[in-house]
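Hi everyone, thanks for coming.

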Amino acid sequence: MDSGSQEDQIDLKDEEQFLMSVEDTLSTVQKSIHKFVKDVPQALVNSGLDFDLEKLNLDDGQKIQDFVRSFPKSFADQPDKEEETEKISTLELECEKLRGQLQQQVDGNKKAQEEMEYLREQILNQSTYCASLGAVLGNLTWRASRFPEVVDVWLSGFQHKIGEFFSITDGSFVAFINTYRNAFPPTCNVEYQFIIGLIGIVTNISASAEGREFLITDQNGRAFVQKMVKLMPTLPLSQGSLALKRLMLMIFYNVSMNKTGLQHLFESRVGDVLNYYLKNNSLPDEIQFLCLRVLQSITYGLTNPRHIQDLITSLPIGKIEDIATSNKSEISTVAKQVIKQLRDSQKYIGSN
């Protein structure tokens, strides 16, 4: 036998021995596994594990159930994909429905805004028309009331209407002053013309003895005179307000010639108004002249100590004396008369 054959036999023999050793090892492992499997049940019994599990079930069963209920549903309990798809479709339909309702509301709101804008424009046009109509009728009536016989007809047959007219004039005057307190509109403004017309009519009514008697004894008329005394110092000092101030001072002058009206003017503290305008050097001479005319009327034959003291305390006597010594003939004459009457009336202070 050659050397090559001998080497092959040796390798074969070694391989057989290796396989035999592996077989023995596997056999030993098999026996051990069988023994372990056989001994496990008994070991579990001897260890008391069954008792512990039973105790766990009895003591903590509720906790386990609570845990199970709180735990997310298993995939088996969740809706399947088809059900989810159906729900998504339903939600999409709802969204589309809500989107349509929202669009309807948007369209409705837009339409309502357009209608509001249209109505606002209509109201503005109607207001402008009414103001223009009032201005025209007011001015026509103002001119008609310049005739005493017209006022006599009103007083003889339409006193209740004149009372209503005083109330309307009062409300319109207050609204106008509140709106244009800082600056009056141009005299051509229809609202201004409307107010001027109303005040002009009251001025002409108060020009007659019967008219001023009715003005000051009528509740609405008396309230309007008081309102003028109160609001006149709040009028702006602009040139545009001069026409209104002129008419108001003329009303005060006319009312002062009525005994009841004179008392009402004193109670309304008309002297404060006259003081306010006489001290203002920016006003034209015409306004100061009218203020002095009112003073001339209310100080004529004045004997009430309280009223005399109020006038002496509130009036700018020095300013009136300066006017009296000026070269302005008409206004100076009135100022001199006011000073004389105030001095003559001082003898009644402290007499009562």
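Axes are lines fitted to C-alpha atoms, for helices over the stretch in contact, and the angles run from 0 to 180 degrees between N-to-C directions. Helices themselves are DSSP runs (H or I, at least four residues), numbered from the N terminus.

Quick housekeeping: this is a predicted model, where local features need pLDDT of at least 70, side-chain atom pairs count only at pLDDT 80 or more, and totals for chains, interfaces and linings use all residues. Residues are numbered from 1 along each chain as its sequence is written, and side-chain values use heavy atoms, leaving out hydrogens and water.

So, how do α11 and α12 pack? Helix α11, residues 270-278, meets helix α12, residues 285-298, at an angle of about 150°, with the axes 9 Å apart. That is why we call α11 and α12 roughly antiparallel. Contact here means heavy atoms within 4.5 Å, and among the residues making it are Leu-274 and Tyr-277 of α11 and Cys-291 and Leu-292 of α12. By class, that's ten nonpolar, one polar and no charged residues. (Nonpolar is Ala, Val, Leu, Ile, Met, Phe, Trp, Tyr, Cys and Pro; charged is Asp, Glu, Lys and Arg; the others, Gly among them, are polar.)

Now α12 again, with another partner. It packs with helix α15, residues 329-345, at about 30°, axes 9 Å apart, which makes α12 roughly parallel to α15. The contact includes Phe-289 and Arg-293 of α12, plus Glu-330 and Val-334 of α15. This contact has seven nonpolar, four polar and three charged residues.

Last topic: salt bridges, meaning a side-chain nitrogen of Lys or Arg within 4 Å of a carboxyl oxygen of Asp or Glu. How many are there in the whole structure? A search finds nine. One of them joins Asp-272 and Arg-269, at 2.8 Å, N to O. Arg-269 also bridges to Asp-310, with the closest N and O atoms 3.7 Å apart. Arg-269 sits in the loop between α10 and α11, and Asp-310 in helix α13, so this pair ties together parts 41 residues apart in sequence. Through shared partners, Arg-269, Asp-272 and Asp-310 form one network.

Note on methods
Helices (H or I, at least four residues) and strands (E, at least two) are DSSP runs, numbered from the N terminus. Angles under 35 degrees count as roughly parallel, over 145 as roughly antiparallel, 65 to 115 as roughly perpendicular and the rest as oblique.
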